[in-house]
Every structure is written in C-alpha cells, then in structure tokens.
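Hello,

Here is the structure you asked to look through. My notes on it follow below.

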Amino acid sequence: MEAVPRMPMIWLDLKEAGEFAFNAAVKKSAVSVPRDFEGCSTLRKYLGQLHFLQSRIPMGAGQDAAVPVTWTEIFSGKAVTHEDIKYEQACVLYNLGALHSMLGAMDKRVSEECAAGAFTYLRDHFPHSYSVDMSHQILSLNINLMLGQAQECLLEKSMLDNRKSFLVARISAQVVDYYKEACRALENSETASLLGKIQKDWKKLVQMKIYYFAAVAHLHMGKQAEEQQKFGERVIYFQSALDKLNEAIKLAKGQPETVQEALRFTMDVIGGKYNSAKKDNDFIYHEAVPALETLQSVKGAPLVKALPVNPTDPAVTGPDIFAKLVPMAAHEASSLYSEEKAKLLRDVMAKIEAKNEVLDQFMDSMQLDPETVDNLDMYNHIPPVLMEKCAALSVRPDTVRNLVQSMQVLSGVFTDVEASLKEIRDLLEEDEAQEQKLQELLGRVPPAPASPPGLAEVSKECSKYLELHEKASFTNTELHRAMNLHLGNLRLLGGPLEQVRAALPTPSLSEDDKQVLQNLKRILAKVQEMRDQRLSLEQQLREMIQKDDITTSLVTTDRSEMKKLFEEQLRKYDQLKVYLEQNLAAQENVLKALTDANVKYAAVRKGLAEVEHKWNTTVQTLVASYEAYEDLMKKSQEGKDFYTDLEGKAAKLLERARVVCQTSQAHRQQLLERELKKQPPPRPTAPKPALQKKELEPGSAEAADLGSLGLPDLPEELRSLPPELLPGPLAQLPPLAALPGV
C-alpha cells in the first residue's frame, strides 16, 4: 500500500479584507499575503501586533476608539462589518488556518495540524456571531477536517515506513473517526444551509474517504491476523476491507482521476489478499471464519493534535510596535493575572485528568458498554440479514424439492455406474480365476499362447473408471453430507417466520436477574451523568477564564493593590471549583457501587453472553445454509453430468468385457483340446490288476471304473478339470453313474 496514489484533500478559501482604518501599507501586506509559509509568518506577525494594539487602545466592541472593520463572508460573498478590532483578529486567524489548509493539500502534506490549531483558537477565544463562516458549527467542521487530513498524512508516512500492521490499522481507524465527526457536521441541516453548494461536494468526498480508510484499517488488521497465524480472522478482515472498498468505489463517482487510480490500486491489493487468504483457508488451514461483529473493533489512535496558537509569542510576532502607547505596568499586570488564571486552570485540570484516567481504566477493565449491556431487544425480532434470506426463499418455494430431486437423480446415476463397474470387475476376476486354474493344470506344458486381444485394455480401462468412481464417490458422499446439513435449515428459512423466530435462542431471565440488570444500568447511567457534569463544569470554567479580561481595571489600579485585585477577581471561580470538587469526590462512591453491581451481574452476564453467542451462531448457520444452496445445486449438476458420462462409458465397457471374456473362454477351450491331442494313444482295454488301478489313482473308484471300461486314462494334470473344459469326445461321456454296470 506504500505506493498507493494520494487522495485529494479539502482546502479553504481565504477571506477578502474590506475597510479598516489602519495604516494602508500594513493592511495591504497583511491581507494580500503570498500563498506559502512566508504568508503564514506574515499573518502571525500581524495577528500578534493587533493583539498588542488591542491591549493598549480601547478598540473593542462598544469602546471609545472602535472603528468599522469589514471582511467578505466566504460562502455568500457578502461584506460583513463590525466595530471591533477582535473581528479583524478573528478574520486574520481564519485566513491563517485557511492558508495552512492550502499548503497542507499540496504534495508536501504538512501544515494541517497548524490549520486545526488556528481554527481551534478561533473557536475557543472569539465570539461566534461575527459571520457565518466563523460560526461554531463551521469552525468545528474545519477542525475535524484538518485533523482528519493531518492523520491521513501520518497514515501515508506510516505505510511508507512499514510500521506494524496493528499501528497502521489504528491510525487509519482514527482517520475514519475524524471524518465521521466531519460528516456528522456536514449532514446537519443548519451547517448544510450555511455551506451552500460546496456542502454536497465535501460530504461526498468525506463519505467516500470514510469507507476507503475503513477498508485500509481492516486490510492491516487482516495482515496482523496473518502475522499471528489466525487464518480465519484474516479472511473476514480482508472480506470486510473488500466490502468497504466497494462502497467507497460506489461513492467515488464523479471524483477526479487521482481518486479512481487510488481506488483501483487499493482494489488490486485487497482483492489479491482476499482471494489468496480464502483459497489458503479453504484448502490448507480450514479454520472457521468468525463473524466480523464477534471480533474486537479497531480503536483509533489519535496521533495528531491541533497545534496551539500563542498570538503574543515574541518569536512569532517580532517586536511590539505599540509598546509606547500603553503603560507597560498595566500590560505586565494583565499578563500576571493571565498566568494566575492559567495556574488555576492547570490545577483544576490536573485533578480532573487524574480522576478521568482512573475512571477510564476502571471502565476498560469492567468492559461494560452502557449501550450493549442490555441487548435483550435484539431477541424480539429476526435480524435483517435473516429476513432477507427468508424473503428470497419465499419467492422460490421449490428450493428444497429441487435440491432433493437433484440429489436423488445423482444417487440413481451413481448406483447404475457402480453396478456396471462391479459387473465388469466380476467378469474380469472370474476370467482371471479360470485362466489361473488352467495355467496351474498345464504347468508342465510349454507356455500358452497369449490371451485374446482386448482383455488387458478392458482391465486397464476398468481400473481407470474404478479410480475415477472412487474419487468421485468421496465427493458425492461429502455432497450428500452437506445437503443433509443444510436441508433442514433451508426448510426452516422457507417456512413461516414464527418458526424462524422460534428457532433463534432467547435468554430466560428470572425476576432477580432482571433486577440485577436494571440496577447495573442505573449505576452506569450515574457514571455517564457524572462524566457529562464534569465536562460541562470544565467547559464553564474555560469559558469564564477566556472571557475574564480585567485590563481596564488594571489601568486604573495602583500597583500596590494589584495582588489584592487578583485575589478578588479569582474568587469568582470558587463556586465552580466547589462543584468540581464534589463531582470528583463522588467518583469513588459511584465506582464502588458499580463494582458491587458488576459482581452480582457476573452470572447474568455469562448467561447472556452464552445466549448471544448461540444466537449469532444460529443466525450465521442459517445464512450459511442459504448461501450454500446455489453451490449445492451447481455441484449436484456437475455430479450428474460426470456420472452420466461415466455411465455411458461403463455400459460400453461392460459389453466389451462380456465379449472379451467369452472370447477368452473359447481360447482356453481350444488350448485344452490341443494339449490333449499331444497325449500318447490309449493303452489296451484289458482289465488291469487292482493294484495298478490303485497306483494310478489311490482310493479313486472312478479311475478304476474308467479303466475297466477301456477308456483312456487322463493325465494327472487334467483329472480335476470340470467337464465343460474337457475335449469334445470326453466331454460328451455320460456320468459314471449312468454307465452299464456302474
């Protein structure tokens, strides 16, 4: 992925300046800056000098020296005027952020964090009523866009540096989180009305990026699973990445060619990974592929932040050109008071952050998500994925019957082929037995001529068909097993929805269990309430500190009274501090109650988890059965085609086998007759002494009878042959029992 083409980034237009009663040369250099980092430096210097000017001359809203300040509003193009020097500062700060966004969108891919810092400072330190393009909603949107693009740049660098797959996945997931926040702002009707026509373009690009970087995150989670040899997880992560990338491609219509190139490149990577992983798992590893929902979600790693803006940083602003306009004592006192406020905020925030860290660690260890701790509602309805399969089968009522009939036809053809091959094999075995018996009898006779042609070919072809049949038999058995596995599920999916719902597991909670669950939810709600209250108090404190400007009082206060004035002014924060202390102190009791409730919840949680696992497994099994139907039908048809072809070949081979075996039998008959002709002529027919008869065939009455009848004695090797194999004259002899005197 390190060679993937870069995605385009959103950048903001600069505001155009209008009337402001200020030195023309200074004004021109500040509002007509070059589009480079030198321009950023100029804007920072101008911003700092405006801050110095404001601290000395009463040019704020409603003050004596206030003059009209005019700037053009970005989205409407209208001129907006306020008699407030802070409006000039706000517009310059906006342009600083916009210029950084332009530079960040260039190839160097830097500066988005600076843009986010400028917009954050503007949002937190200036009124939001100056103009639409500097409203709270628009600034928050800009901040999330800039942070998302900064994180995107970090992702590009991480992939180029071949960072660990899990880290790259978390960085990509955080890109998705930032863009989701931006997308929520873009979907807000009020924000959409403020943005006008660019809202649709931004929204479309951001939505496409959400799916694209979600695909990148799951691609690298799949690579991590591959490194850990979790081959089932690897398949589902790559499949999810492929699905999300396909969604991104749908949303990318109308985007520039650079976007299309990036999507095509990424599709080649993810598609190749998925196909390879699925093939390996199907044929080598055979690991179960879990549902994506059962795997731990990828948490984003926010590794970028809005760089803070300090308007009075001398390294940025340069010398204070208004230093002689206002007594430095007042300025120094104001700075001292600002430091006191900052110290107060740092102390409070240190306590809040310490408590928040304990709370976060505790909640992470508990693994209690208030939104999913009570998921009983999911059991009240059939999940959409299953409803979709039921609906699909409802319009195909013959699904099960077609599958069964197809398998029955396959079984019939299979049986016919097996019978034909068995008969061929029996014929060949019988022929071989007769041949072996003849060879044993003629063992002292010169080697027999070769068997009739075609017998070896039939045997070879039979072996080939038997081998094919044996291999196909295993596949046929597996196909029947798979059909039996899915048949019941298909019948269930094609039946009434009540039966489907009844087949899904549901939890059974006692009244005590329900009480335990309700108590846990109540305490979790208290935890969230405590969090929200803490955040609200923190925001109130920050806003009070931001608005707390006692410069006017400091100018008229004697230097010796400064410390007393500071103490009096800082008392205004006491009430908020008390509320925060109470909130922080309550955390220990809330967590203790949560611990006790969680202990009681353990057994209920285990039962709910087991039921949920069974529920998910059942749903997955039913869905898998539906998805297996087409494959079963296809393989069944392939099996029928294969066995139909094999049946025809086996039938032809059976006819050949019968002919060849008959020919072989005739061949043996001819061989036997030739051997008998080579025997010496029959001996005299005079009766032989009994002793000679016994020597000829000790204990054989038949041999004595044959001798007494004057019939020629058979060679010892031919005496055990069945009558049908004897030469013509001998074969026509009647049984001994039918002869006269026997």
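Glu511 and Lys514 form a salt bridge, with 3.9 Å between the closest N and O atoms; the term means a side-chain nitrogen of Lys or Arg within 4 Å of a carboxyl oxygen of Asp or Glu. Both residues lie in helix H17 (residues 511-547), three residues apart, which is about one turn of the helix. Helices (H or I, at least four residues) and strands (E, at least two) are DSSP runs, numbered from the N terminus. Glu511 is exposed at 59% relative accessibility, while Lys514 is partly exposed at 41%. Here buried means under 20% relative accessible area, exposed means over 50%, and partly exposed is in between (1.4 Å probe, protein chains only).

This is a predicted model, in which local features need pLDDT of at least 70 and side-chain atom pairs count only at pLDDT 80 or more, while totals for chains, interfaces and linings use all residues. Residues are numbered from 1 along each chain as its sequence is written, and side-chain values use heavy atoms, with hydrogens and water left out.

Other salt bridges

The whole structure has 23 salt bridges. One of them joins the side chains of Glu156 and Arg6, at 3.3 Å from N to O. Glu156 is in helix H5 (residues 136-160) and Arg6 is in the segment before strand S1 (17-20), so this pair ties together parts that are 150 residues apart in sequence. Glu156 is buried, at 14% relative accessible area, whereas Arg6 is partly exposed at 38%.

Another salt bridge is between the side chains of Glu581 and Lys351, at 2.9 Å from N to O. This pair also links distant parts of the chain, 230 residues apart: Glu581 belongs to helix H20 (residues 574-677) and Lys351 to helix H12 (residues 328-366). Both count as partly exposed, Glu581 at 38% relative accessibility and Lys351 at 44%.

The unreviewed UniProt entry annotates residues 414-444 and 520-547 as "coiled-coil region". UniProt positions are given in the numbering used here, feature names are shortened, and annotations may be inferred rather than shown by experiment. In the model, residues 520-547 are 100% helix and 0% strand, and the C-alpha atoms at the two ends are 41 Å apart.

Met544 is also in helix H17, and is partly exposed at 29% relative accessible area. Which residues does Met544 touch, not counting those up to four places away in sequence? They are Lys572, Tyr573 and Leu576, where contact means heavy atoms within 4.5 Å. Met544 and Leu576 are 32 residues apart in sequence, and their C-alpha atoms are 9.9 Å apart in space.

Packing of H5 and H8

H5 packs against helix H8 (residues 198-227) at an angle of about 35°, and their axes are 13 Å apart. The axes are lines fitted to C-alpha atoms, for helices over the stretch in contact, and angles run from 0 to 180 degrees between N-to-C directions. From H5, the contact is made by Leu141, Asn142, Leu145, Glu152, Leu155 and Met159; from H8, by Trp202, Val206, Lys209, Phe213, Val216 and His220. By class, this contact of H5 with H8 has eight nonpolar, two polar and two charged residues. Ala, Val, Leu, Ile, Met, Phe, Trp, Tyr, Cys and Pro count as nonpolar, Asp, Glu, Lys and Arg as charged, and the others, Gly among them, as polar.

Regards
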